[in-house]
Amino acid sequence: MEAKDTLIRFLRIPSISATGEGIEDTANFLSEIMKSMGIKTEIEKAGGNPVIFGEINVGSKKTILIYNHYDVQPVDPLNEWKHPPFSAIEENNRIYARGSSDNKGTLIARLFAIKDLMDKGELGVNVKFLYEGEEEIGSVHLENYIEKNKDKLKADSVLMEGSSLDYKGRPLIVLGVKGLLYVELSLDYGLKDLHSSNAPIVKNPCWDMVKVLNSLIREDGNIDIDGFYEDIRNLTEEEEELLDQYDINYEEIKKSLGNFPMKYENRNDIVKALLTYPTCNIDGMEAGYTGKGSKTIVPHKIVVKMDFRLVPDQDPYKILSGLKEKLKSIGFSGEIKVLGAERPVRTSLSSEIVKATKNAAKEVYGNYIIIPNSAGTQPMGLFVYNLGIKDAVSAIGVGDPSSNPHAPNESISLDNFYKAIKHTQLTLINYSM
């Protein structure tokens, strides 16, 4: 009950990094919980929201670094929540709260697993904790923190924020992540919007931006940037086999995606694209008049936000260079801002942390699924490339297909919460051997 009660208290403190709401209170609460467990704990500043560092040294030759984040997404749209987002209401053996799945539930499950091992004298590996409060806004200061604390953060393996369970209740063990390049493109042609009667004699930045965006994608859907595909690492035979084992249901996944039109109908094509294809995606654009009724203008400015999801071994900064060259070649005269860059990662199946995690999963859940990398991005590359920790895995999460992370009515099953505690314990025991 102590673990559940602590989780509920933790979930009732807002920690929205986009607005700053509750961030300091959440960091202080988490720090006090860790100290009460006997974990040497520090709250540190890294230029933004507090970073919490903790350490347990049991004199082992092995050290594992555990990364989680305590910040959460905004709660909008509020009217779609059936319970207040930070009420942490328990209903039908599920807890409903923003952050329950991503990432507070996993964080607390891991902490109480380690507390139990410490209390029993069974913790056989040194543990370091790194909890940040800016993951949901791109981990904007994490790299700076890591660069300044390389010696303190040294470890043999890193256990990232956690994955989830699939439709059959099997835990996903994720060997890596896609990377990310996030950019903002803007064209500004004047001091003000003009009456549309001037359209015959002035350039419209919206039409020019449409041409720019069209130039980035070929007719076959491939991305038209020189060198974009040349560094992609081919899947090994073992990794190809992992894709065959990844179980998805076409109708279920389409439903979970809000019945968007799908690019593929074949299960194999969907899995391969989701996990191994790089992307060029338009996140949003802002220009001109979009209110009710009509307003006849030539907008003076358009802003487009785009993200490129990258796969091993693409380099976001090399892709950025290629993008700039492409835009220069077509006469783009606007501004390019970089809003985020993270490197993709894929860890070896034979790494010690992967073996420990999958053996523990087998015992707790009866089965597991391993995938080469996720469809999304975590700051795993900072640990692998900046700290030099080659063994990194994302596993041991409390979420399931009904958890709604980043959406209204986010929730977790209490059964999955307790299983995550056991999964963490057995992973650390296996890893220490």
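Two strands are taken to pair if DSSP finds at least two bridges between them. Helices (H or I, at least four residues) and strands (E, at least two) are DSSP runs, numbered from the N terminus. The structure is a predicted model, in which local features need pLDDT of at least 70 and side-chain atom pairs count only at pLDDT 80 or more, while totals for chains, interfaces and linings use all residues. Residues are numbered from 1 along each chain as its sequence is written, and side-chain values use heavy atoms, with hydrogens and water left out.

Six strands make up an open, mixed sheet in the order E1-E2-E6-E3-E7-E18. Its edges are strand E1 (40-44) and strand E18 (391-393), each of which pairs on one side only. On average, neighbouring strands are turned by 15° against each other, direction ignored; such angles run from 0 to 180 degrees between N-to-C directions, with axes being lines fitted to C-alpha atoms, for helices over the stretch in contact.

E3 and E6 run parallel and are joined by seven bridges; Ile66 has Phe129 of E6 as its bridge partner. Three bridges join E3 to strand E7 (residues 157-159), also in parallel, and Leu65 is partnered by Val158 in E7.

Now to the interior. A nonpolar core is a set of buried Ala, Val, Leu, Ile, Met, Phe, Trp, Tyr and Cys residues joined through side-chain atoms within 4.5 Å. The largest one has 61 residues, and Leu30, Leu111, Phe129, Tyr131 and Phe417 have the most contacts inside it. Among the elements that each supply at least two residues of this core are helix H2 (23-36), strand E2 (51-56), strand E3 (63-69) and strand E6 (126-132). H3 gives the most, with eight residues. Leu30 touches (heavy atoms within 4.5 Å) Phe10, Ile52, Tyr70, Leu107, Leu111 and Tyr131, not counting residues up to four places away in sequence. Apart from this core lies another, of 23 residues, among them Leu213, Phe308, Ile319 and Phe332.

The helices complete the picture. H2 lies across E1, E2 and E6, running at about 165° to E1. H3 is mostly covered, with 17 of its 21 residues buried, and is followed by Gly121, whose phi is positive, near 70°. H1 and H3 pack at an angle of about 145°, with their axes 10 Å apart. Residues making this contact include Thr6, Leu7 and Phe10 of H1 and Lys104, Leu107 and Ile108 of H3.

Terms used
Buried means under 20% relative accessible area, exposed over 50%, partly exposed in between (1.4 Å probe, protein chains only).
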